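Work through the exercises below with the model open. Try each task before reading its solution.

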Amino acid sequence: MIMEPLEQWIIFTESENEDMLFHSLEFLIFFPVVVVVYLILPRKLKAVWLLAASYYFYMCWNIKHTILIVFSTLMTWICGLLIGKCMGTKDRARRGKWIVGIGALMNLSLLIFFKYFDFLLFNINFIFEKAGIQQIEKPFDIILPVGISFYTFQSLGYMVDVYRGDIEPEKNLLHYALFVSFFPQLVAGPIERSKNLLKQIRGIGRQNARDLFQYDRIASGLFLMLWGFFQKLVIADRLCVFVDAVYADWQRCGQIELVLATAAFSIQIYCDFASYSTIAAGAAKVLGFHLMENFRTPYFSKSIREFWRRWHISLSTWFKDYLYIPMGGSRCGRLRSQVNLIVTFLVSGLWHGASWHYVVWGAMHGCYQVIGTQTEAVRRKIRRWAGVNTASFSYRFGQVAVTYALSLFGLIFFRAQSLPEAFGMIGKIAAKPNLWALTDGTLYGFGIDAAQARVLCAALGILLCVSLVRELKNEMLDTFLARQSCWFRWMVIIILFSFIFLFGMYGPDYDESQFIYFQF
């Protein structure tokens, strides 16, 4: 009897709510309304309106789970105030650590329960089975609340920032609640720092009309959103059809199909997640806020370490600032620093999913970096002995190719549903290839026909051009276009619009695809 109310609250059927996806009709109505009302409201009401809009946005996913974000917000806000009061005392460090520890424990307990309960129960039952002990029955089904991994980390980061003295405790609950729930980046990041977003929220009441109605800023934000929609609807969702078809029937696929599907997945997950971050940054920019860049052409990286400085930057820097460095970072000896690095990537893998194949993926990336560090001296001597010109294009291209191949190998574990499935795929990839699969039409049997393939190639060509601009010019696309002639800007806009409306994967015959990182 006690479990029934809890079970009814935890279990959630998707038919209860309409998900507020960025590429849904609901959001395309919701966002302009939010922007127009925000621009015309008096200064004192702007923060209230944004908070109300953010909570409505979240409740469209699951109104029951709103209590979780409210609890996380209130608890970390109170902890921040208590930490602030300890600053002037003699035992500031001890009291502050206790408050941060208690706040982190309470906050993470929600994440652990909703995200890792089934994983823990599975492993406990596995041990019980081997020991001949009766297994524990699963008491209820748990649906992962959308965005909990992101707003939990964001609020934890705030507490640590207050403890470190990087930011003053936020006394205004309205401002802090908006920091935790700001709708553009609420459900899939980027995981913002209090030093960036909270400071901007504090300045809402000081914004003047000229700042809010800047044409260049609003146009730049809308263009970022347009580019994000292109990445999602034209590239990511089209690749999703091919990748899902191959991985669902991987046992009957050969080496060529599996390698191409994994390479396609690397682009799919990049475009999918980067599109969300780009749309979020664009929507925030329209409202007058600046969000951090979350992706910076990661597949142009020349090492795995550089890859993680470019991929999911908000998460990788979060782990660096709030886990790796507090454990000692690289300041405590070579062996300890390598252990710290491995632990950080193990936690990163577990953050991405409650399954061992995610843990193995994280461990692989940690090992890549440890091996790279340990062998750097030897590789440097070999390069000198062989007279390799490290500044040449061929050498740098080789570095990029090797780094991409290593990340691709790791993605097999990331995309597979289990470790046995991942090892089974690797065994098939290691077998003799059937090169005729590239020309005999076999690849068209996985949901992408010749016409779709041509559209995809053209879209990938556009993606490559944009990536080269970002890499070579070191500029975001909106900044680059702002410096170009008017005809060129409108040509790019028209091309993107045309691709989205003519070739976007949506409509009555297409199952609207959620963003991949919603499941994390």
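**Exercise 1.** Compare the span of helix 14 with the expected value at 1.5 Å a residue.

*Solution.* Helix 14 covers residues 334–352, 19 residues in total. Helices here are DSSP runs (H or I, at least four residues), and strands are E runs of at least two, numbered from the N terminus. The expected span is 1.5 Å times one less than the number of residues. That gives 27 Å, and helix 14 reaches 27 Å from its first C-alpha to its last, close to expectation.

This is a predicted model: local features need pLDDT of at least 70, side-chain atom pairs count only at pLDDT 80 or more, and totals for chains, interfaces and linings use all residues. Residues are numbered from 1 along each chain as its sequence is written, and side-chain values use heavy atoms, with hydrogens and water left out.

**Exercise 2.** Which residues of helix 14 are buried, and what covers them?

*Solution.* Start with the cut-offs: buried is under 20% relative accessible area, exposed over 50%, partly exposed in between (1.4 Å probe, protein chains only). The buried residues are S337, Q338, N340, L341, T344, F345, S348, G349, W351 and H352. An α-helix has 3.6 residues a turn, so residues three or four places apart point the same way. Next, the cover: it includes helix 5, helix 6, helix 12 (304–310), helix 13 (313–324), helix 15 (356–374) and helix 17 (393–415).

**Exercise 3.** Is K138 buried or partly exposed, and which residues does K138 contact?

*Solution.* Locate K138: it lies in the loop between helix 5 (92–131) and helix 6 (148–164). Its relative accessibility is 44%, so K138 counts as partly exposed. Then list contacts (heavy atoms within 4.5 Å). Leaving aside neighbours within four places in sequence, K138 contacts D118 and L121. For F122, 16 residues away along the chain, the C-alpha separation from K138 is 9.1 Å.

**Exercise 4.** Where is R217, and is R217 buried or exposed?

*Solution.* R217 sits in helix 10 (residues 215–248). Its relative accessible area is 12%, so R217 is buried. Not counting residues up to four places away in sequence, R217 touches D211, L212, K285, V286, L287 and G288.
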